[in-house]
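Try each task before you read its solution.

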Amino acid sequence: MSEPVIDTSKMSEAKRAAFELTESSREGHWEYPTFAGALFMGELPLELVHPYPEHPEDIDERGRRFLDELERFLSGKVDPDRIDREGEIPEDVVDGLRALGAFGIKIPREYGGLGMKQQVYSRAMVLIGSYCGSLSALVSAHQSIGVPQPLLVFGTEEQKKKFLPRVAAGEISAFALTERGVGSDPARMETTAEPTADGKHFILNGEKIWCTNGTRAGLLVVMAKTPPKMVNGRSRDQVTAFIVEASTPGVEVTYRSRFMGLRALYNAVLRFTNVKVPRENILAEEGKGLRVALTTLNTGRITLPATCIGLGKRSLEMATRWANEREQWGAPIGKHAAIADKIARIASTTFAVESMTYLTSALVDRKKTDIRVEAAMAKMYGTEAAWHMVDEAMQVLGGRGYETADSLRGRGEKPIYIERAMRDARINRIFEGSTEIMHLFIAREAMDPHLKIAGEAMNGRLPWSRRLRSALKAARFYALWYPKTFLPAMVSTSGMDEALASHVRYAARTAKKLARGMFHAMVKRGPKLEREQMLLARFVDIGTELFAQVASATRAQALLKEGRDRGEVTALVEHFCANSRLRIEEAFRGVGKNTDRMGYRLAQSILAGSSTFLNEGIVHKELEEAVAAEARAEEKVPELARVRG
Ligand SMILES: Cc1cc2nc3c(=O)[nH]c(=O)nc-3n(C[C@H](O)[C@H](O)[C@H](O)COP(=O)(O)OP(=O)(O)OC[C@H]3O[C@@H](n4cnc5c(N)ncnc54)[C@H](O)[C@@H]3O)c2cc1C
């Protein structure tokens, strides 16, 4: 294995370990071209996304029938308020989903699944996500991160034959990575898997938390540390993915966690005590566990924005109905500009998230484009957007938005589901890669071409001769590339509606500006750019807005071709793109002028214990109890004095 392309010599030991482990697990090779990744290099390869790769005929008769049946089943047999109230999904609902094949949507028919495309799966998740968050978590944790997805990508034929028919038939599966000390940082993993003397088994020991579906899963994908390997003279941690039968002696569910939303999540703390797992249950190879997790998530991540489309559509439906029917100050509230603005934003943002997600889903099915950046963008953008859309819808609905559906029903009013939607939506920004981690992930992928070209030159751990060679190579590349970022953007939009084409041309121009901006930041800050999270996040946000604009414009073009009303379609795109441009302008302004450093310094001084007067005037009981418990555990009583200020 070669040296990491990023200089880790100035990093703390813990950061370096996290960094190197993640770096060695990412897919270094780009087998297919990337649309969203190219934007950061100033290119807009329109041919990858236009004509919009999703067509109505992509979803065949079987797919349409399945989606219709699923919709009928949800509206006829599922009571999402009851599920939320009782914190349980009735067994007949799970059985109904099994009978529909909803636990094996993408699993090929030869293994007992429905054998449908990603596009059908995404639309199924829109349907479920629009109705019941707990149910969408059950179905998606099973299929997007549980056993089916990694098995389809990494499984041997033997493993597929053994496990896929079970999970397709509805034996529930789960994914266990997170531990008390492992959230976004897998290098801290403590669960171990030691090989037996004969090498035929591994003995698993440790504890996993927050394992969705864990309390009712028959099969688990478990990440564990296996013995380290020597890489470049240094011992490097290995993480391996195992398929574990939940019935194996030593596997215990020790706790069911409960949350703000997703009240019927079957989320477990799992304990593994001397659990014997056969070597043949390793997914991919020993030491490739994080690669399995990251690659699984590349596609798995599309599920969350799909459920967010459902949330956006339901928010729009509820807000629109109420804005028409509720009269205040002599007019329906939808006629007041402040409320009308919210309706417009929910509608055009839903259209954009839908366009990004369906486009990425269609690209997955075509298998000719690398979708890791697009999927991460759709996840990050969709989950943030859904939270804001639900919030705006709640504002439109006023007090009734804040009241629970049961309470509204109890006093004879129409139940509204926005309060539950808000509780369910919040977690989407945290799990399957938090927004902060998605920013880092996309930034890393965006920088990849630069790191491949100039990374060695900036790496202080490498010998000077190698750095010099790399610097010369980089100089040759940038002497041609940099001037090109000033040339007019060449993108052929012939045949496109002029209103839509103008957004594509704007995106092509702005991609060049983005690439220049990133290059300037790289030159100015060198290897330290890696630490400038706020700055990198702005670049990532600009790239994501551009992806959203192009996806919206090309999808709109496809809708026009299908005969949809031009006025309706272009109004959505115009509104979204105009607002997106404003956000882009602000982000560019923020690159040059911001409060990042000031904020960082302030935060560090607060973290170090300054400004204790800000703690005055509130009740400290909960914090005191928490610190006291910690102090008892660690015998650190003096901490209490500091909390009291
Ligand atoms: C309801 C629910 C279901 C879940 N389901 C599963 C599951 O099925 N399987 C599973 O394995 N896990 C699951 N998780 C775990 C989930 O994926 C983690 O919560 C998530 O990875 C974040 O980890 P953490 O909560 O420990 O946050 P931390 O990693 O402690 O992060 C805390 C905050 O710091 C930020 N942060 C962390 N590192 C950095 C950094 N380097 N730079 C900038 N910001 C950073 C994070 O974005 C976050 O805002 C679930 C969690 C919940 C709450």
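**Exercise 1. Salt bridges**

How many salt bridges does a search of the whole structure find?

Solution. Start with the rule: a salt bridge is a side-chain nitrogen of Lys or Arg within 4 Å of a carboxyl oxygen of Asp or Glu. A search of the whole structure then gives 43 salt bridges. Before going on, note that this is a predicted model, where local features need pLDDT of at least 70 and side-chain atom pairs count only at pLDDT 80 or more, while totals for chains, interfaces and linings use all residues. Residues are numbered from 1 along each chain as its sequence is written, and side-chain values use heavy atoms, leaving out hydrogens and water.

**Exercise 2. A pair across the sequence**

Find the salt bridge of Arg-555 with Glu-354, and work out which helices the two residues lie in.

Solution. First, check the distance: the closest N and O atoms of Arg-555 and Glu-354 are 3.0 Å apart. Next, place the residues, taking helices as DSSP runs of H or I with at least four residues, and strands as runs of E with at least two, numbered from the N terminus. Arg-555 lies in helix α20 (residues 533-561) and Glu-354 in helix α12 (residues 337-366), so the pair ties together parts that are 201 residues apart in sequence. Finally, look at the cover: buried means under 20% relative accessible area, exposed over 50%, and partly exposed in between (1.4 Å probe, protein chains only). Both Arg-555 and Glu-354 are buried.

For another case, take Glu-286 and Arg-279, whose side chains meet in a salt bridge at 3.4 Å, N to O. Here Glu-286 is partly exposed at 27% relative accessible area, and Arg-279 is partly exposed at 33%.

**Exercise 3. Aromatic rings**

Is the pair of Phe-477 and Trp-481 stacked or edge-to-face?

Solution. Rings of Phe, Tyr and Trp (its six-membered ring) pair if their centres lie within 6.5 Å; planes under 30 degrees apart count as stacked, over 60 as edge-to-face and the rest as tilted. By this rule there are 10 aromatic pairs. One of them, Phe-477 with Tyr-478, is edge-to-face, with 5.0 Å centre to centre and 80° between the planes. Phe-477 and Trp-481 are stacked, at 6.3 Å centre to centre and 20° between the planes. Both Phe-477 and Trp-481 lie in helix α18 (residues 464-484), four residues apart, about one turn of the helix. As for cover, Phe-477 is partly exposed at 28% relative accessibility, whereas Trp-481 is buried at 6%.
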